[in-house]
Amino acid sequence: MLNNDLLNFNAVLIGIGQVLILILIAPFVNSYINKIKSILRGQQGRPLFQGYKDIFKLISKEVVLSEDASYISRFAPYIVFVSILVSACFLPVFSSDALLSFTGDIIALVYTIGLGTFFMALYGMDQASSFGGLGSSRDILIASLAEPTLMLVIFTFALQTRTTNISQIFIDIHKNGFLNYPVSYVLALIAFLIISVAENGRIPVDNPDTHLELTMVHEAMILEGSGRHLALFEYSSYLKLIIFITLASNIFLPIGVYGGIPHSLSSFSFLTILYAVAFYILKVLIFATPIAFIEISMAKLRFFRVPDFLMLGFVLSIISLVLYSI
Amino acid sequence: MENKSVNKQDDKSVNKSGIKSLNKTDFIKNLDNDIVNIINEHFFNRDNELVIKINPEDLKKICLYFFKDLKFYLLSAFAADESKDGGNNFKIRYIFSHSSMDLFIIVETYASADGIFPSLSADMPVLNWYEREIKDLFGLIPEGHPDPRPLMLFPENYPQDTNKNNEINSQYSSDSASCHPLRKDYPSGLRPEFKKYGEYNYNKDVKGDGVFNILVGPVHAGIIEPGHFRFCMSGEPILQLEIRHFWKHRGIEKIAEGKTIDEALSLAEKISGDHCVAHSLAFLSAAEKILDIKISDRGLYLRTIYAELERLLCNINDFAWLFQDVGYSFGAQETFVLKEDIMELNKYLSGSRFNKGVLSLGGINACGDIDELKKKILTEKLSDFKKRYLNLKKALLNSSTIQERFEETGYINKETALDLCALGLAARASGVASDTRKEHSYLIYDKLHFNSKVLKNKDVFARLLIRFYDIEESFSIITQCLNELHAEGTQTSLNDADINIKKYKLNAAILTSTETGVNTAGNNSNNAVFWGLGYCESQRGNIMHFVELDERAKILRWKIRDPSFHNWQLIEFAVIGDIIADFPIVNKSLNLSYAGNDL
């Protein structure tokens, strides 16, 4: 590693820039998915910038808390948001200069997100409403089944690149491409898709658009949320989705200027970064589109079928791991 | 117990088939001797309305005989306040019907002087709500009712009876100790003081490790009518469901008293918004029978077309919501567009998206007439709708993820359906035939070719399939009607109806004068011609109206019974064993009316 002060300063700037990019485009991606869904249904749909307006509207509203709510309800929205933000700091978005980076940070990323999930579940139960507890128990069930699969998919790449540092994994994949192990990759991609759908509460696991309290998972936990608390929860879920999409797009579509920026200080320029960012956003939109198509073409699964669905992801990830190892 | 009733039924089956082939007038003679002996009086109010008058102490015997032995269906039960001059006279009627015979049996009895009548709920679960309704609205006590909690006038907002004596002629005021709005001496428009009078108690609690309750409603996350559901759960599976409805009691039956038929017709359209045609049809058919108004053939055909359009619209709507509730928004959106197109067609035909104001006493209003141009457009649109509908149906039947949600969810057993007298598609999906169009043919349904499909699968999917059959039959019925529709002259002109009303008034005046002259005993048995039954098959099932007019042709008692009143109770049984996340689908598969239930 270079120990140049200027480089470090630049690296920090890029790291901050990466987190900012995530924060900036997260609401847009959500609106983009909704827009595609609407167009496919023959509707006009909400504007592409509705996500920002919603957040802005919610922030300016007051928070109403249940009388039975404890301090957990006051802190949980911030903890959830911060934990997602921290995990975003681990993530190299368009350059490998993540704000936080150390060996094993991909595992840290998964479990910092897990901390958010945990506090959201607590929040659901803390409100003493009928549905919060229901949502929490469902969410924890899904999360606990999705997590092993996610770890296995990650280990597939960790084994391949012989590191558990995300930046290194990404650099390696971008350098070598995935043509070395195509079958293993395809299976891992499908497994990853299944987990992303489950973790982000999308159809067929959860329906983000439903008004039926009894069928909700993620929405049930935040049903009592209001004002800036709700804004934080909404923002966290936008961010979580974009983190998963970023992971997927950088692993499964390893093209772009990814590795180039930090290693050649001489070629460091504003234009390169702009180029990288544009490429990244394009990749994100490419990966967000299938989510809309899946949501439009499937019905939600019966809740007790969800474990079967996640089991499919688990099996695929194991096969992927084994195929790589042979 | 089960075997006994089965054996009994076998014994009677010979008898029953005997009844069927015989003239209806001989019906009474073919009943068991001990039943015939306890009948005080019997007569035909109309050719398919057989009235049987009995004493309250024989009520149980005779009702169970019809319900359990002869397998009759209960269609309605209600009280009427016929008190005069400080007297105390409450009549209670039970309407029975049988699927293989065009005959209504009206068992008529009375409450005792201190306002008590025998409860049959323990043996006939369908009477549970009826008896509690009578208790709330009339203050009559169903003696021996297993669950005597208030049904509609909840203790949170309405004063409950405190005095055991049940004083009948107490003066009502806003702070009086009781509130029984359907009594004649209860001033219309009087509201009890707005305060909390007591606590509502749930029926039963489920106790045990890990059992918890989830209370849903009456305010929901979506824009739907109010209903309260209490689920007792252990994890996801539902152990018990208790529903508590009747949050917005409008008092339609009380408002209607003293109103003319036209005024009441406007109320009838508002009983249950989406069943506007069906309810007004049922109400009008009762009124027309009493006033002896004949409707022209063309009027009958037009009424059938509008009734079927409404059935079509409601079924398509339910179909769309089932898509929506399993999260298949693509199919849902397409189906909602189809529904919207049908509503726009309605607007083109009649000027109202719900076909409001189309029916009138004696026929059809001019706005609802279907001339050659409208006929042509209607035919074109229908073939287009049918094509689109068939595509959507194919999409649903080809999707394994959707079918997976519907199959094996929300079982309603045949026994439950029979005990609670399930109506319409809910019954037909559980192997019980129930279709008024076939059983008591009205309008021109006897001339039309259509099937009333009965399935045995009893789950959500079976109910959806029944809807599919109904939609296809509706398309076919409307086409048949349009082919037959040629004669001009829409309605028996309004004058005819007026003449009939005048005739009726004259007749009634004569009858009442002879009654008071001759019949001093006070049992106004000659009133028989003053009332009639109106019924039709709505999309949800049989609608039964009982209309009683006074001598000025104004409403004296109007009992409305929407199919939802029977079918809501099915849900408590349909969800048992299902997981709570599937409740909305079970609920939507029946898609019952809150408003029609809570008058």
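**A walk through chains A and B**

Let's start in chain A, where the axes of helix α7 (residues 182-199) and helix α12 (residues 306-325) come within 8 Å and cross at roughly 155 degrees. This is a predicted model, so keep that in mind as you go along. An angle over 145 degrees counts as roughly antiparallel, and therefore α7(A) and α12(A) are roughly antiparallel to each other. The crossing of α7(A) past α12(A) is left-handed.

Who makes that contact? On the α7(A) side you'll find, among them, Val183(A), Leu187(A), Ala191(A), Ile194(A) and Ala198(A), while α12(A) brings residues including Phe309(A), Gly313(A), Leu316(A), Ser320(A) and Tyr324(A). Sorted by class, the contact of α7(A) with α12(A) comes to 15 nonpolar and 4 polar residues, with no charged ones.

The peptide bond joining Ile203(A) and Pro204(A) is cis, with omega at about 10 degrees.

Now for the place where the two chains touch. Here 25 residues of chain A are in contact with 24 residues of chain B. On the chain A side, the elements that give two or more residues are α1 (5-41), α5 (130-161) and α11 (270-297). By class, that side of chain A has 12 nonpolar, 8 polar and 5 charged residues.

Over in chain B, look for strand β14 (residues 542-549), which pairs with β15(B) in the antiparallel sense over 6 bridges. Within this pairing, Met544(B) stands opposite Arg561(B) in β15(B). The two strands form a hairpin with 5 residues between them, and Ala553(B) in the turn has a positive phi of about 60 degrees. Is strand β15 (residues 555-561) of chain B enclosed or exposed? Of its 7 residues, 7 are buried, so β15(B) is largely enclosed by the rest of the structure.

Chain B has a couple of other backbone spots to check. Phe246(B) isn't a glycine, yet has a positive phi of about 65 degrees; look for Phe246(B) in the loop between β10 (238-244) and α5 (252-256) of chain B. Asn591(B), also not a glycine, has a positive phi of about 35 degrees and is found in the segment after α18 (583-590) of chain B.

Why does Phe246(B) count as buried? The cut-off is 20 or more other C-beta atoms within 10 Å, and Phe246(B) counts as buried because it has 22 C-beta neighbours inside 10 Å. Asn591(B) likewise counts as buried, with 22 C-beta neighbours inside 10 Å.

Methods:
Residues numbered from 1 in each chain as written. Chains lettered and ligands numbered in written order. Predicted model: local features only at pLDDT ≥ 70, side-chain atom pairs only at ≥ 80, totals over all residues. Axes fitted to C-alpha atoms, helices over the stretch in contact; angles between N-to-C directions. Helix = DSSP H or I, 4+ residues; strand = E, 2+ residues; numbered from the N terminus. Parallel < 35°, antiparallel > 145°, perpendicular 65-115°, else oblique. Left-handed = near helix turned anticlockwise from the far one by under 90°. Contact = placed C-beta atoms within 7 Å. Nonpolar A, V, L, I, M, F, W, Y, C, P; charged D, E, K, R; others polar. Buried ≥ 20, exposed ≤ 12 C-beta atoms within 10 Å, placed from the backbone. Pairing = 2+ DSSP bridges.
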